[in-house]
Amino acid sequence: YSDILIEREVLMQKYIHLVQIVETEKIAANQLRHQLEDQDTEIERLKSEIIALNKTKEKMRPYQGNQEDEDPDIKKIKKVQSFMRGWLCRRKWKTIVQDYICSPHAESMRKRNQIVFNMVEAESEYVHQLYVLVNCFLRPLRMAASSKKPPISHDDVSSIFLNSETIMFLHEIFHQGLKARIANWPTLILADLFDILLPMLNIYQEFVRNHQYSLQVLANCKQNRDFDKLLKQYEANPACEGRMLETFLTYPMFQIPRYIITLHELLAHTPHEHVERKSLEFAKSKLEELSRVMHDEVSDTENIRKNLAIERTIVEGCDILLDTSQTFIRQGSLIQVPSVERGKLSKVRLGSLSLKKEGERQCFLFTKHFLICTRSSGGKLHLLKTGGVLSLIECTLIEETDAS
């Protein structure tokens, strides 16, 4: 009985809870019903306002005939007018476009775009040349230098090619950037590419400075038959297109001058208010400065080598040619005519001569000295014992105005 009482209490609690829920739901249902009635009233009010506004607009508008009630002739006139307006608009736009196409600005932009396209093609060709240099010559020669009987040493390979592989990687990146810019044509932004390229162009200084030495090392290596035979096999590769290794080593020498010419042409067709004008001018000035430095270094190096080459050909040697500020100008042969006075040979500063024989002298003109040599039967040069080295430091240049 007590268990039944407990169950009855539980059931009563559940019943009371359910009754409360039902009462709550009834209250919520009444609230929703009132809200729906209010919404219906609001909808009816808005409809009446819309109808009133439409009637007001109808009263304010002038009389407009319905299209279905329009006269067919009116429809035709409107259609003709529509065609005429479209034709006049197209004609005006065509005139504007044609005027721009014929304008100097459009012509300048066409030339500028053509310069950029040519630049991309030239860069693609240059990257291919560097690729051939590295993959058909440098890397195979490195492997050959590591063989059991190497035809060339690793030092000679480094001297010949120096940093050509680094130059190839640099221009591959630059070429990819150019192609990405062309993909966004007609929007062409090139100045930031040159900003990336400029700091890395110092590697060209080492290559250019080393160029003549690399050709000299290559010429010495060619004296080895095994190396010469191997090099001819590499040069027979179809990718070389019949060009020699010396040709590929020369290509980087002309790249910076080519960039300067391209930027000069690009600036000639770039308006002064163009967003890239200042950046391109800065790139051009930096390249010109680098080109001047490279030219001066090459000139100094070439001058030293030329002086040393002349010094080696003189049997007695010549200490003045070891002066790095001594610049070679020209060389050639001069005829020394004997000076005859009263049937006798007068004393001359440049060695004694017979009455019947003229003397041929090999002369070398430098900025500070004038060398006079004689050539022996063996082809070697000998400085004159008397007056073989003439100082030009205190000389005065006199121009003869008489044309005869």
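**View 1. Leu-162 sits in the loop between helix 4 (154-161) and helix 5 (164-183).** Helices here are DSSP runs of H or I with at least four residues, strands are E runs of at least two, and both are numbered from the N terminus. This is a predicted model, in which local features need pLDDT of at least 70, side-chain atom pairs count only at pLDDT 80 or more, and totals for chains, interfaces and linings use all residues. Residues are numbered from 1 along each chain as its sequence is written, and side-chain values use heavy atoms, with hydrogens and water left out. Look at the backbone of Leu-162: its phi is near 45°, a positive value in a residue other than glycine.

**View 2. Glu-241 is found in the loop between helix 8 and helix 9 (245-250).** Here is another positive phi in a residue other than glycine, with a value near 55° for Glu-241. Glu-241 counts as exposed, at 59% relative accessibility.

**View 3. Leu-231 belongs to helix 8 (residues 225-235).** Leu-231 counts as buried, with 1% relative accessibility. Which residues does Leu-231 touch, leaving aside its neighbours within four places in sequence? Leu-231 is in contact (heavy atoms within 4.5 Å) with Phe-137, Leu-218, Lys-222 and Leu-245. Pro-104 is 127 residues from Leu-231 along the chain, and 53 Å separates their C-alpha atoms.

**View 4. Cys-363 is buried, at 6% relative accessibility.** A disulfide is a covalent bond between the sulfur atoms of two cysteines. Here, a pair of cysteine sulfur atoms counts as a disulfide if they are within 2.5 Å, and by this rule the count is 0. Cys-363 is in no disulfide, as the nearest cysteine sulfur, that of Cys-373, is 7.7 Å away. Now turn to Cys-102, which is exposed, with a relative accessible area of 68%.

**View 5. Stepping back, the protein has 11 helices and 7 strands.** Its C-alpha atoms fill a box of roughly 160 × 95 × 45 Å, taken along the principal axes. Of the 404 residues, 30% count as buried. Among contacts between residues at least 6 apart in sequence, 63% join residues at least 24 apart.

How values were computed: Buried means under 20% relative accessible area, exposed over 50%, partly exposed in between (1.4 Å probe, protein chains only).
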